[in-house]
Amino acid sequence: MLPSKLTYQTTLRALRSFRHHACLSGAVSHKEEWLSGCCLRSNVGPGLRSIWSSVGEAQRHGRRSFSVSAAAIVNAAPAPVQPYLRLMRLDKPIGTWLLYLPCAWSIALAADPGCLPDLGTLALFGTGALLMRGAGCTINDMWDKDFDQKVTRTATRPIAAGEITRLQALVFLGGQLSLALGVLLCLNYYRYL
C-alpha cells in the first residue's frame, strides 16, 4: 500500500513524468532505461519512488519476482499442445474472467444468507467459461484466417501462422463444444432457469 503522502497531485505529476519520459525515450525500446532511473529523479512521492526503484532494480539485474502467469503455463506445456492452448487464448485469460465473474457473482448472490456459494457450481461455471471462450476464439480464428495473416498483431496466431490447419482447428472446436455440453448436462434443471 502506498503511503498517505501520495496525493492526487503527486500521482498526476508521476503520470505526466511517465508520459514525458516515455515520449522522449521511445516508450517501448527504452523501457528498461526508464525503469532504471529516469523517472526516479522526477518529483514523485517517496512510496512511488521506492516501488519504481525496486522494479528498476529487478530489471537491471535480470531478476524476476515469483509469479505464475497464464502465459508461463502455456509456455511450460508440451510443444505439440502449445498451439492449441494459444488458439483458445489460454495465455490471455481476461476474456474467460469476463465470462466467469458475472456467473460467480450471481451464484454468490443466490446462496443462502450466511452460507458460502456452492463450490461445485462455481467450478462448473468456471470450466464452462473457459471452454466457451476458447471455442469462440477458435471459430473466430478459423473465419478470420486470411485477415489475421495480413495484420501484424494477429499474424502469429496458430491458424494464421500455419501451426494448425483449419481441419485440426475444427476437430479441436468440436472437442471444446462437446466438453462444454458435458458441463451443461451436469447442471440440474433448476439452474437452467
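**Close-up views of a salt-bridge network and a kinked helix**

**View 1. Asp141 pairs with Arg157.** Asp141 and Arg157 form a salt bridge whose closest N and O atoms are 3.4 Å apart; the term stands for a side-chain nitrogen of Lys or Arg within 4 Å of a carboxyl oxygen of Asp or Glu. Distant parts of the chain are linked here, since Asp141 sits in helix α7 and Arg157 in the loop between α8 (145–150) and α9 (166–186), 16 residues apart. Helices are DSSP runs (H or I, at least four residues), numbered from the N terminus. This is a predicted model, where local features need pLDDT of at least 70, side-chain atom pairs count only at pLDDT 80 or more, and totals for chains, interfaces and linings use all residues. Residues are numbered from 1 along each chain as its sequence is written, and side-chain values use heavy atoms, leaving out hydrogens and water.

**View 2. Arg89 joins in.** Arg89 forms a salt bridge with Asp141, with the closest N and O atoms 2.9 Å apart. Because Arg89 lies in the loop between α5 (82–87) and α6 and Asp141 in helix α7, the pair ties together parts that are 52 residues apart in sequence. Asp148 also bridges to Arg157, at 3.9 Å between the closest N and O atoms. Together, Arg89, Asp141, Asp148 and Arg157 are linked in a network of salt bridges.

**View 3. Buried or exposed: what is Asp141?** Asp141 is buried, with a relative accessible area of 1%; buried means under 20% relative accessible area (1.4 Å probe, protein chains only), exposed over 50%, and partly exposed in between. Arg157 counts as buried at 17%, and Asp148 is buried at 6%.

**View 4. Helix α6 has a kink.** Look for the kink of about 25° at Tyr100, shortly before the proline Pro102; the bend at a residue is the angle between axes fitted to the seven residues ending there and the seven starting there.

Note on methods
Helices (H or I, at least four residues) and strands (E, at least two) are DSSP runs, numbered from the N terminus.
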